[in-house]
Amino acid sequence: MNTGTDPRPLPDRGWGADRESWDRGYLPGATISPDPFLREYTRLSAEARRVLPWREIAYGPGDHERAHFFPAAAPGAPLLVFVHGGYWQELGPAESAFAARDVVAAGAAFAALGYGLAPRHRLDEIGTQVRRGVARLCRDAEALGVDGRRVVLAGHSAGAQLVAMCLRSRPEATRIRAAVLISGLYELEPLLRTSIGPAIRLDPDEAARNSPARALRAGMPPLLAVRGGDEPVGFADQQDLLVAAARAAGAGITEVVVPGRNHFDLPLGLGDPSDPLGREVLARLAAPASPTRTAGTPGTKGTAA
């Protein structure tokens, strides 16, 4: 396993110290307004809470350590845990339950996991909170009517980084069936050159400790890496790096690129069986439980229609 002492290589885009170029490469909101999509996240999440049974679960002492949990219709169901993005600074479970109706309709339970936001909370602390939340949901699986052997984690953008970091801990990862990483950040060193770095008080050591691409290993839960075809180039670079690092480490990974989708509309298909992302996620939730996990295949690549 990579010790995290050196950053993994990313393509040299020739940006040097030009922060504006780095921001264009890593800030999706620089080229497309997120506002309509954020409103849709909020609307669909509120609708899910209106029509489905749900409850808030406190998983830690912090005010933000809360999950919105939507049970399945029948016991022994799989569980999809979703961790939101927002560059660790925005959103919460109230805006992140937009997939709950589709997931519950497919026979699974759903949880939108919140966490404390930067810059008040440093990245190390946020990662600890998310791992604590995942551990709590896994530990209480039977009481929640969930099959603890069929827990799938999914995260979008910064949430994908947080989900991937959960897999570094072997005790926590043993309960995870698969991890779905959507438009994620896997090597954080480039963020030091963007406006995000100072905004979240990121320093080089913290970036190294929290870069999932440096800590992949054989035998970890299989990964699905998905991005839109219309995302900033930095996110394409990040996914390419993750796939290469996973294959080098012997970790199982499948890569999907969805043409015509951007950073903000891609996660809206999370639980939709007619959506390329939704089909991949629901297939992992429907997979039968097995008492042991075998190491994944070196990796596959595809372009979703």
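A residue is buried when its relative accessible area is under 20%. Ala-236 has 15% relative accessibility, so it counts as buried in this predicted model. Ala-236 sits in helix α9, which covers residues 233-249.

Now move to strand β6. Of its 7 residues, 6 are buried, so β6 is largely enclosed by the rest of the structure. What does β6 pair with? Strand β5, residues 146-156, pairs with β6 in the parallel sense. That pairing runs over 6 bridges. Within it, Val-152 stands opposite Ala-178 of β6. Strand β7, residues 223-228, also pairs with β6 in the parallel sense, here over 4 bridges. In this pairing, Ile-182 stands opposite Val-226 of β7. As a general point, side chains in a regular strand alternate between the two faces of the sheet.

Next comes the loop that leads from β6 (176-182) to α7 (196-199). Ser-183 lies in this loop. Is Ser-183 buried or exposed? Its relative accessibility is 1%, so Ser-183 counts as buried. The cut-off for that label is under 20%.

Which residues does Ser-183 touch, leaving aside those up to four places away in sequence? Among them are His-156, Ser-157, Val-226, Arg-227 and Gly-228. Ser-183 also touches Glu-231, Phe-235, His-263 and Leu-266. His-156 falls at the end of the range 146-156 given for β5, and Val-226 is the β7 residue opposite Ile-182.

Methods
Residues are numbered from 1 along each chain as its sequence is written. This is a predicted model: local features need pLDDT of at least 70, side-chain atom pairs count only at pLDDT 80 or more; totals for chains, interfaces and linings use all residues. Side-chain values use heavy atoms; hydrogens and water are left out. Helices (H or I, at least four residues) and strands (E, at least two) are DSSP runs, numbered from the N terminus. Buried means under 20% relative accessible area, exposed over 50%, partly exposed in between (1.4 Å probe, protein chains only). Contact means heavy atoms within 4.5 Å. Two strands pair if DSSP finds at least two bridges between them.
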